[in-house]
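Good morning, colleagues. Please look at the structure on the screen while I go through how its parts meet.

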Protein chains: 2
Amino acid sequence: MGNELVEFLSRYIPISDDLAIALSKASMYRDFPKGSVLLREGEPATRGYFLLKGCVRSYVLKDGDDRTIDFFIEEEPVIPLEYGKLRLSSHFLECVEETVAVVSTPDQEERMLAEYPQLKSVCLTMAEIMSEKLRECLARYRISTPEERYRELAERRPGLLQRVPQYQIASYLGVKPESLSRIRRRIALRGGGKAAPDRS
Amino acid sequence: MGNELVEFLSRYIPISDDLAIALSKASMYRDFPKGSVLLREGEPATRGYFLLKGCVRSYVLKDGDDRTIDFFIEEEPVIPLEYGKLRLSSHFLECVEETVAVVSTPDQEERMLAEYPQLKSVCLTMAEIMSEKLRECLARYRISTPEERYRELAERRPGLLQRVPQYQIASYLGVKPESLSRIRRRIALRGGGKAAPDRS
């Protein structure tokens, strides 16, 4: 597994042998069965994740309703909103599939950055890529209808529609499951988009 | 004006004298009258901004409708979605007020980072703060009603409600101007929230 992280990082910076060894420490990697809860609302958010395999969903319970905030898949970081903060988590993180992740704490990250300052460039690049994705995501979300959001999701992350239950996709798009079914039927009738098999 | 940037950055890293001088170069600063358009849809997005004074709005024209994506104020970076990319801008940037900004291009940024590598830490910190804000913003937007969004805006960025026209606030919250008026009346009746004077 360590090799996957080294391979990923080496797309951004040259990885020296000692850094490769440090990154391969088995203690950093964790395997979570499907359904594992990585974080609960009200707990301190002491751990960040970088996904090597699987899918993680962040959600809140609001007036008894399960509302999906986001999905994360391979090669994506999962950073709780309150990561490293004093205030407690406002949301849940759960593994939608069996998941393998690099797990870290703010202390460990600080130590790694102090010991291997070359990691700062890759962190900066990744933070920029993440900011960019988030800005785009927020912009598109603000100006689009649920149907447009669905089409875009089908286009940008086609695998996701097959991997997670439809009711989670519905709350992610900000609609009720019935509306998502209607959207999918409309798209199927027009023959556009990539309709996913129904898992709701 | 250079001093404001130095003062801002020195909250994050010690600023050497030569860096302070480089940051004070008048050529980096620009003054834009209210209403200036910094970027149009369909233009290459060759410039990034860091606001020292004023307010900038990003928006799109969709089916003839003006839809606000975001507002930016003092000490916030304004990075077009397509900044430094080959594809053309999908949105507009306009100054809602008279605005003073540090203006830069990807090339200039690269040169500054090569010459003053200590700036990387501050860029990393800012990219992280920005990612954090964006993640929170997106999460809140996905799970909240327009009224909740308005209350939150009034709480987190109280000044903004006084500074920009109400129809822009309405599209930012994802509602029609009439709905925003209703929301504001409801809140005023209950005696909660900070209602802003109507500028629509």
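I begin with the contact between the chains, in what is a predicted model. Here, 22 residues of chain B are in contact with 22 residues of chain A. On the chain B side, the elements that contribute two or more residues are strand E4 (56-62), strand E5 (65-72) and helix H4 (119-143). Which of these gives the most to the side of chain B that touches chain A? The answer is H4(B), with 16 residues. Sorted by class, this side of chain B holds 13 nonpolar, two polar and seven charged residues.

How are the two copies related? Chain B can be laid on chain A by a turn of 180 degrees and a shift of 0.0 Å along the axis, with an RMSD of 0.0 Å. The copies are thus related as by a two-fold rotation axis. Moreover, 100% of the interface residues of chain B are also interface residues in chain A, so the copies meet through the same surface.

I turn now to the inside of one chain. In chain A, the domain assignment gives domain 1 (2-116) and domain 2 (144-190). Taken over C-alpha atoms, the centres of these two domains of chain A are separated by 26 Å. Their contact draws nine residues from domain 1 of chain A and six residues from domain 2 of chain A. On the domain 1 side, strand E5 (residues 65-72) of chain A gives the most, with four residues. By class, that side of domain 1 of chain A comprises four nonpolar, one polar and four charged residues.

Finally, I would like to consider one helix of chain B, H8. Helix H8 (residues 177-190) of chain B has 14 residues, which at 1.5 Å a residue should span 20 Å; its end C-alpha atoms are 20 Å apart, in agreement with that expectation. Which residues of H8(B) are buried? They are Leu180(B), Ile183(B) and Arg184(B). Seen down the axis of H8(B), the buried residues fall within an arc of 95 degrees, and therefore line one face of the helix. The cover over these buried residues includes helix H5 (146-156) and helix H7 (166-173) of chain B. On the other side of H8(B), by contrast, Glu178(B), Arg185(B) and Leu189(B) are exposed. Just after H8(B) comes Gly191(B), which takes a positive phi of about 80 degrees.

Thank you; I am glad to take questions.

How values were computed:
Residues numbered from 1 in each chain as written. Chains lettered and ligands numbered in written order. Predicted model: local features only at pLDDT ≥ 70, side-chain atom pairs only at ≥ 80, totals over all residues. Least-squares fit on C-alpha atoms with pLDDT ≥ 70 in both. Contact = placed C-beta atoms within 7 Å. Domains from an automatic or database assignment. Nonpolar A, V, L, I, M, F, W, Y, C, P; charged D, E, K, R; others polar. Expected span 1.5 Å × (residues − 1). Buried ≥ 20, exposed ≤ 12 C-beta atoms within 10 Å, placed from the backbone. Arc of directions from axis to C-beta.
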